[in-house]
Every structure is written in structure tokens, then in C-alpha cells.
Amino acid sequence: MPESLVISKGAEETTRELLRSLLESGKVSAVLALGRTGSGGEGVAYSLFTDPTAFEEGGAACPLFPFMPANAGGLLSRLTLQGPPSEPVAAVVKPCELRALIELVKLNQCSLDNILLISSTCSGVYPLDAGVDGALEEKLPGYWEAVKQGEVDEDVRPTCRACVNFVPENADITIALLGEADLDTQCTLHVNTEKGAAFVEGLEGASSSGELESEPVQRAVGQREAFREELFAGVEVGMQGLIRTFGRCIGCHACKTVCPICYCRLCYFDSQDAERSPEFYEGELQRKGGLRVPPNTVFFQLGRMAHMSVSCVGCGMCTDVCPADIPLSTLFSKVAASAQALFEYQPGREVTEEIPLRTFEQEELVQVAT
Amino acid sequence: MSEKSAARSSGATLKAEGGVAAALVGWLKEALEKKVFDALLIPVEVPAGDSFAYLLLQDPAILDKASPLPPVMPVQGGKAISRLTMRGNGSKRVAAVVRPCEARAAIELSKLKQAHLDDVCLITLDCPGVLPLSDYIGDPAAGAARFAEAAAEGDRSPMRPTCQMCNHFSLLGSDLHVGTLGADGTILIVPGSSKGERVLEGMGMPVDAALDDWSARVEEAEQAQTERRRQAHADLRETVAGAENLLDVFSSCINCHNCQRVCPVCYCRQCYFESAALKLPPENYLARAGRKGALRFSPDTLLFHIGRASHMALSCVSCGACEDACPMDIPVGQVFSLMADRAQEALGYVAGRSLEDALPLVDYEMDELHQVEQPYVEIYCKQEVQDA
Amino acid sequence: MSEEREFEPRIIYFLCSWCGSGGSETAAAHHLQYPENVVPSRVNCTGALPAVHIVRPLIEGADGVVISGCHPGDCHYNDGNFRARRRVALVKSLLDTLGLEPERVWFRYVAHGEGQRFVDTATEFNDHIKKLGPNPLTTRSDT
């Protein structure tokens, strides 16, 4: 029966030890987790580990590092697009990555078979530019202090500070981090599924029946909701607002590339359909006297919203990757929030909950029809 | 470059007392009004004032916000020209006001059949470089001032790293080139083709000014820059060469492919490295992870960079758009510039020099590159094996 | 006595379907032998071998790559081998610039009847790679 296990080791050590033993015992054939790259370990990237020694002290793996070089939901989709692995694979993911993964399962881009999902109560990740040249190391002590207090370091991604879905109940195993004051000496693993229970069999720890939604967690939800409102209020809307915001958009579409939900192999906006003929350009010249080249700047953004906002999990990859520093995730999260509220839908909440645009009720949304 | 200078011996002159930009914009307005061309493609300041975007325009009023040489290059002009003309030229004659590397990219794109330049008049200017985008967006006013000061002094230190070592900043392969280097109230407009000559004719400007002074200044600056480039590339190679160094340089790469997306020469609608060819069954990834103990995921980071270089290095114009776009501050523009220079040299090619130069992989000679062939002198098994 | 096994290189040998493979078949007909660790891989024409596929094995675990096709003038498709030569020149230039040992890539013509030349190439390259040692990229998982 699913339960919680309290391990008498710090969270970092517990996580590493859990993964190491899963690999060593052969219970899993590989672990997808963050690890250091480069000869000096300056970079951090996700890696598919098969060697258990990577999870030993001083090894390359750093599963709980507060960094997201790519949304792991998208990575698991890449791994399982052509089918599930023949042997179990464990993956250590953040809550928004888990939710993206569940959306991708609904979109037939990912399989959950033979994937052991390990997540944690999340205090956010640092923006990508904080991770250049190993500068992130200095931030770590402050980060973990904030975690213990049930708070969030101001320097993490704004969408992380505004995230209210940071309790991953549908992971197989959830590591309690947020608000756990004794994180350095003790770690609670919440085993949420039978699958999870099977994998932690034999792990030494005291049983417990603690709640994932502890008091610090509930307090944090309130704090983040308040920040969320503040953040969304600052978004410029209206056509003029969008033109001002996206004035410096260079149309690189990097936001789409890193978005876990944007799975199309060939995006509509990269396809022939979006290419413009000379007649189009000349027509626009006549109508308006001038036209931005390449065109479709705001169109692309609105189109992407229309395509993916019901599934947007607010991970913040888009903002981080934008060469023009446009606060995309804030805008997209705001739009997504209203789109999702319209359908009373929450992406990644439940794998059997169908995506709103793929289903309908006979009697609904009366306000839309005139 | 001196061969180019010699090819053009005279140009037209334009008074520029109020500054080069103002004089040029005035000149372009006049050209539009006189229908010397039907439309202009030129960078224009965006409504929020924090960037510039290429605008195709025929309304001269819009030119008030235009800048022929903005402090930043958010979209590479060659890419803009390609998007505009990919499906043909239509009925309008367009003049594109671009930097030399953008014109060179357009020329490469034309050879790659991604742009049609027949009705496009390429107008280039002497280029002092551009600021990295991230150094401008936060405070555009300060950025503009820094750029203006540096440009006036010929100081390339605040510019993109690739601009700092650029030795092709004054191109005469375009239809019209605006020579501003060392200009003192008068700028030169040098025709590089009959298309350019017709424009000057239409503007009633005689092509009778000597180019010697300006040419000499350009040549001197180019020589200095060539040496600078040689040194910069030598230093860079030290940092990058060898498996360990190379993987260190790319250790923070997140596979966002921004570099490929903003590159003017990378035109594939669907990049090979994003196609089904590299989307493999889980067994493939797990086998590779098993062999090496781990597999960076998503995989093929190094393959993407070297592979991308193998696809586009021969047409790379070292504009540095890639490095501007990299969210992890990887010196990818410099690395590609280094690879490009050497690869182009190996195949005797200079990207963007001329529409007449055939693309190196489309062409071949029967008698060339013998150094690549592995010689076979004796029957190996009968050769006495020497101890190492 | 050293515990290390002697280094056995992993080598991919790209052969065109005409002269290259023909050379290997002639070698077989004469019962000539070449090292087992040299793995042949057939392409229709060396000109059809993309540059990426020369680089990819070197990143994934190969210690060396050889490419053999028809001699100049003898290409079944007229000029595939000339294009291959340019492509190999490009790859070697990139590898050289990046300090990744371009000598791990060989390009040598092998005609249909040159069985001896084929096995000599395989053997010679194998010995050459043994001297160079393992490719440093083969143990890196952060590629």
C-alpha cells in the first residue's frame, strides 16, 4: 500500500542513494536526471545515466539541482515517442515537467509505461543565464535555506515564484522538500502509487503517514498566488500592448522549440503555408504603406497561444531562451490561466482528463454562440 | 580586397553635413519619390523604441524612423531578403539597405535558391559593427550613444565578437556601396553593378568622384582587421581544439537551436537535426547510454554543431547572429567563424563574394584536393612493420 | 604484466556499392583477410555519403572512419567520387579546426578488382588507429 518513508539521511543524499540503488539492483536500466557536463563540471544538462557510480558522492549526477536546461517532459517524449522502453527507466522531474509530460501523453507524444516518475515539492529553478560559467554554485546555500523555510528565492524564474501547482501528487514517488526544516538530516519520500511502492521495496526507512500538503506548503500556495496576481497585472494587453511587447521579437521561434507542449515536427508557422508570396507583400504595401519583414511576428505569438495555451504548464523555458528578453512565460501563463479557467481545465492534473479542444459537451459555453 | 577597390574607380558624392544617417535617409526618400525604386527594405525603429525591425515600405513618411546603420542587428538582413523574395520578385523593384555581411548572406541565399535578387538593389554601407542585442535592449538610449561614439572612433570593442574581427566590412560586391569611412561632410556612393549605375543615373548623380582616399583608408583598416582576425582565430583555436576543450565550450548548450534558427544561411524548413532521422526508438538511446555510462539528453549536441557546420560553414558570412541569440553565452559565432574561414579556404571559396562563384559542394574539379586522398604506395602486408 | 586488453579499434569502413564493395568481394574470392574489428558499411556511392555520417560514428564510439569508392573517372554515377572528395575535404577541415584528429578519417579509392588494396587499407588503417589510440570522444557521455 502506498505510504511515506522517512529516511535518516539528507534529501540530497537520499535521492542519490535511491537512484544509485535502483540502478545497481537492476530495478531500472537507466535514470534521466540532471548531471554535470564539461571536464570541470561547469555545465548542467539532463543525462540518461546507466552507471550507478554517477550517483555516488562526487559523481556527475545532481538530480535536485535548481536548474532546467530543458523541460524534462519534452525529453521523456523524445525518449518514448516511438514506444516505451523495454526495461524500466526512472526520471527525476520537477512538477511542471511532470504536468507537461502528462499533457504529452494525452497528445500521443509520450508513453508512461515502464517510466518511474520521481518528483519533489518545488521551490523553482534559476533562469538559464544564472547558470553560465558555474555562477550558480554561489546561489545554492541561499536556495536551500529558502526551501527549508517554505519560501522561494527571489532570483528564480518569475513563473516559478508565481507557480501554484508545485505539489506533484501524480508522481510515483514525491520527495518532500518545500518547508522541510530538517532537510539536511532527514528526508520523506511520499510513495503515491503501487508502481512507486514496488520500486522502493527494500529501502530502509520508517513508515509514516504524513501529508504532502503540509502547512508550509499551504502557506506557500497563498504567497505564490499573491505574486501571481501581481505578475499578471503587469502584462501589457491590447493590440498596441502586444505590438510594443513583441516589437523586439526577432521571429526566431526559439520559444516554440523549447516549449514541451509544442510538439509539431514542422510548425505551421515554419511551413509553406506561412510563407508569403510577392503578391501578398505588394498588397500589404498598398494597404498600409509598409510591412515588417519577416512578417507574422504577432501572428505567430497569438497562433502559438491558440495552439497550446490550454496545455501550458508555466515552466518558463520560453522566457529564458528568448534572445530579446521578452517576458513570454508571464504573458503566456496569464493567457493560459484564462483559457484553462474557461474550460475548468488544469493541464497535467490527471491523465484521463481529456484536453478541452479534443472533446465537447452538447450543453456548454452558451455564452459563445450569438 | 584591393582587387575590388581597383575594379571601381569612381563614385558619386552626397553631402552629409547633418550626419550620414540623415543624409542617406533624405537621399532614399528622394529616390522613392522619383520612383528610382518602388519600395525600400530598411531597418526602422519599433514602436517601443527598444529595437529595430526590417520594414518593406513605399511610404516615405515611415522613413523618419528609419536607420540605415542601426546599433543592433536583431534579424539578419539576408534572412529578411530571403523571406521577401523566396517566392519570386513580383512587380516591385526593391532597394535593400543592409550591412555587408547581410548582403553577402543574401548572395549566398540566392545561390542556394532561397532568394531572388533580380529586382533587388543591394545597398551596403561601411560597417563599424553592431552591439550584441542583450547589451542594447535593457537601455536602448545608452546603447545607441555607446554605439555612435564607438563607430565615430573606429572602436570595435563594444561590438559583437565576430564584428570585432571582421575584415569584410566594406563590400563592393553589392549594387551600391556607401563609403563613409573617414567621410568629412561628403560621402561616396559607389556603383558595383549596372543596376547600381542606373540608380545613380535616375538620381541625376554623376559618377565622377575619385575613390583613392577612401579606398586607401578602407584598405588600411582591412589589413589591420585581417591581422586582428588571424590572431583572434589563433587564440580561439587554443581554447576550442581537442575533445576536452570543445566539450567544455559546449558544456552548457541546451540544444535550443537558436543559433540555427537565426542563421541567415540555415534555410531548411525542417532542420535535419530536428527531423525523424534523429528521433529514434528508446532502445537506441538506452544502448548508447549503456555503452558510455550515460547519454546527455536530448542527445547529439556535438553532432548538431559539427553537423550544422558541415551543412553551412561554406556559406557562413561570420555575421554573429548565432552568438547573439545563444541563451547560454556560448561563443558559437566565433567558433563557426573559425571553422568557416578554414573550410572556405580549404575549398578555395569566399562566401558572398560574388553571385558568379559556384557553391563549392555543387562544383568540383577533376584535379584538386589530392591532399585529402590517402596515398597507397606499397602492398602493405609485404611492408616491414616498423616499431613505433 | 599489464591488465589492460590491447586496444581494439572500432572502425567503420564505408564502401560504395560498385567499386568499393566490389573490391571487398574480390578480396573474398581470393581468401584475403582483414581485421574483424573493421566493420564495412555499404553506401550506394561515396558521393551519397553525407558529411554528418562521417562525423556521427566518431562521436558515438568509432575510433576511425575509412571511405572507399571508385577511382576518379570510374564512378558509376560519373562524378559522385569528386563530390565525395570535396565533402571529405570539408569534414577534415572541420575536424582539424576543432582539434579532433582528422587523421581518423581516410579517403582512398579502391577499384572493383583491387582486393589486395582493400584488405591492405583495412589493415593499414587498423594499425594506424592503434598507434593513435582510442578516440577521446568515445568515452564522453556529454557529447
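**View 1. Chain A as a whole.** Of the 370 residues that make up chain A, 49% count as buried, a residue being buried if 20 or more other C-beta atoms, placed from the backbone, lie within 10 Å of its own. This is a predicted model, in which local features need pLDDT of at least 70 and side-chain atom pairs count only at pLDDT 80 or more, while totals for chains, interfaces and linings use all residues. Residues are numbered from 1 along each chain as its sequence is written, and chains are lettered from A and ligands numbered from 1 in the order in which they are written. Chain A contains 13 helices and 9 strands, where helices (H or I, at least four residues) and strands (E, at least two) are DSSP runs numbered from the N terminus. With a radius of gyration of 22 Å, close to the 21 Å that the globule rule gives for 370 residues, chain A is as compact as a globular protein of that length; the radius is taken over C-alpha atoms, and the rule is 2.2 Å times the number of residues to the power 0.38. The C-alpha trace of chain A spans about 75 × 55 × 40 Å along its principal axes. Among the contacts in chain A with a separation of 6 or more, 76% are between residues 24 or more positions apart, two residues being in contact if their C-beta atoms, placed from the backbone, lie within 7 Å.

**View 2. Confidence along chain A.** The pLDDT, which is the predictor's confidence in each residue from 0 to 100, averages 93 over chain A, and 99% of the residues score at least 70. Among the elements of chain A, the lowest mean pLDDT (84) belongs to strand β8 (residues 206–208), and the highest (98) to strand β4 (residues 89–92).

**View 3. The two domains of chain A.** Chain A is divided into domain 1 (4–231) and domain 2 (234–368), with bounds that come from an automatic or database domain assignment. Their C-alpha centres lie 29 Å apart, and 27 residues of domain 1 are in contact with 21 residues of domain 2. On the domain 1 side of this contact, the elements that give two or more residues are α2 (72–80), α3 (95–106) and α5 (158–161) of chain A, and α3(A) gives the most, with 10 residues. That side divides into 16 nonpolar, 6 polar and 5 charged residues, where Ala, Val, Leu, Ile, Met, Phe, Trp, Tyr, Cys and Pro count as nonpolar, Asp, Glu, Lys and Arg as charged, and the others, Gly among them, as polar.

**View 4. The two domains of chain B.** In chain B the domain assignment gives domain 1 (2–232) and domain 2 (234–372), and the C-alpha centres of these domains lie 28 Å apart. The contact takes 26 residues from domain 1 of chain B and 25 residues from domain 2 of chain B. The side of domain 1 that touches domain 2 takes its largest share, 8 residues, from α4(B), and by class that side has 12 nonpolar, 8 polar and 6 charged residues.

**View 5. Chain A against chain B.** This contact takes 68 residues from chain A and 63 residues from chain B. Several elements of chain A each supply at least two residues to the side that touches chain B, including β2 (30–37), β3 (43–49) and α10 (278–288), and the largest share of that side, 6 residues, comes from β3(A). By class, the chain A side has 32 nonpolar, 22 polar and 14 charged residues.

**View 6. Chain B against chain C.** Here 45 residues of chain B are in contact with 41 residues of chain C. The helix α13(B) gives the most to the chain B side, with 7 residues, and this side has 29 nonpolar, 8 polar and 8 charged residues.

**View 7. The largest nonpolar core.** A nonpolar core is a set of buried Ala, Val, Leu, Ile, Met, Phe, Trp, Tyr and Cys residues joined through C-beta atoms within 7 Å. The largest has 267 residues, and those with the most contacts inside it are Leu32(A), Ala91(A) and Leu41(B); its largest share, 8 residues, comes from α15(B). Not counting residues up to four places away in sequence, Leu41(B) touches Val293(A) as well as residues of chain B, among them Tyr54(B), Leu84(B) and Val97(B).

**View 8. Helix α1 of chain C.** Helix α1 (residues 19–29) of chain C is largely enclosed by the rest of the structure, because 8 of its 11 residues are buried. The buried residues include Cys19(C), Ser24(C) and Ala27(C), and what covers the buried residues of α1(C) includes β1 (11–16) and α4 (115–132) of chain C. Just after α1(C), His31(C) takes a positive phi of about 55°.

Note on methods. A residue is buried if 20 or more other C-beta atoms lie within 10 Å of its own, exposed if 12 or fewer, and partly exposed in between; C-beta atoms are placed from the backbone.
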